[in-house]
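Colleague: I have a model open and I want to learn how to read it. Can we start with charged pairs?

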Amino acid sequence: MQVYQSLDEPCRAYWIQSRFKGDESKVAPFIANLTNAEFVETKTAAARARLAVLEELLEYQQSVGNGLWLSGKGPSHADAEVFGWYAFSRLNKELVAKVWEHDDLPKVREWVKAITAIVGEDELP
């Protein structure tokens, strides 16, 4: 909900179009579900499952001596692209804890810390 409320009007319109095919009547029920613990756990578990491939890639990269980077031995465009998702999700601290900092994703958590150190904590939402 915090993320949606932080959007300006053009971004909200885009979000509604991309998420609900422009049907604004679906927004309120979706936002109401965000207070439902079961719904939130289902969605955060699904997000962690999607990030499992990132976890595996980071494990591989580290095992071959490339460190915790998605492509090569240092930060790349790929890291910046994925980090954008993390940065935007920081508007919801619960989401960050349940997804990006979850114990199921220790390499992702380390990667987030490494990129944050480069970008600077004060530059993030």
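Predicted model: local features only at pLDDT ≥ 70, side-chain atom pairs only at ≥ 80, totals over all residues.

Colleague: How exposed are K98 and E94?

Modeller: K98 has a relative accessible area of 26%, so it counts as partly exposed. E94 is partly exposed too, at 43%.

Colleague: How many salt bridges are there by this rule?

Modeller: The count comes to 6. Another one joins E121 and R90, whose closest N and O atoms are 2.6 Å apart. E121 lies in the segment after α7, and R90 in the loop between α5 and α6, so this pair ties together parts that are 31 residues apart in sequence.

Colleague: Is R90 buried or exposed?

Modeller: R90 counts as buried because its relative accessibility is 9%, under the 20% cut-off.

Colleague: What does D103 pair with?

Modeller: D103 forms a salt bridge with R109, with 3.3 Å between the closest N and O atoms. D103 is exposed, at 64% relative accessible area. R109 is partly exposed, at 23%. Elsewhere, salt bridges that share partners join E41, R48 and D104 into one network.

Colleague: Now helix packing. How do I describe two helices that pack?

Modeller: Two packed helices are described by the angle between their axes and the distance between the axes.

Colleague: Which residues of α5 and α7 meet?

Modeller: From α5, look at D79, V82, F83 and Y86. They meet W111, V112, I115, T116 and V119 of α7. By type, the residues of this contact divide into 7 nonpolar, 1 polar and 1 charged.

Colleague: Which residues of α7 are buried?

Modeller: K107, V108, W111, V112, I115 and T116. What covers the buried residues of α7 includes α4, residues 37-63, and α5.

Colleague: How do I check the span of α7?

Modeller: Compare its end-to-end reach with the expected value. α7 has 14 residues and reaches 20 Å from first C-alpha to last, close to the 20 Å expected at 1.5 Å a residue. Then look just past its end. G120 follows α7 and has a positive phi, near 100°.

Colleague: Let us zoom out. How many helices and strands does the protein have?

Modeller: There are 7 helices and 0 strands. From the N terminus on, the elements run α-α-α-α-α-α-α. The C-alpha atoms fill a box of roughly 50 × 30 × 25 Å along the principal axes.

Colleague: What share of the residues is buried?

Modeller: Of the 125 residues in the protein, 32% are buried.

Colleague: And what share of contacts links residues 24 or more positions apart?

Modeller: Among contacts with a separation of 6 or more, residues 24 or more positions apart account for 52%.

Methods:
Residues numbered from 1 in each chain as written. Heavy atoms only, no water. Contact = heavy atoms within 4.5 Å. Helix = DSSP H or I, 4+ residues; strand = E, 2+ residues; numbered from the N terminus. Nonpolar A, V, L, I, M, F, W, Y, C, P; charged D, E, K, R; others polar. Expected span 1.5 Å × (residues − 1). Buried < 20%, exposed > 50% of the residue type's maximum accessible area, 1.4 Å probe, protein only. Salt bridge = Lys/Arg side-chain N within 4 Å of Asp/Glu carboxyl O.
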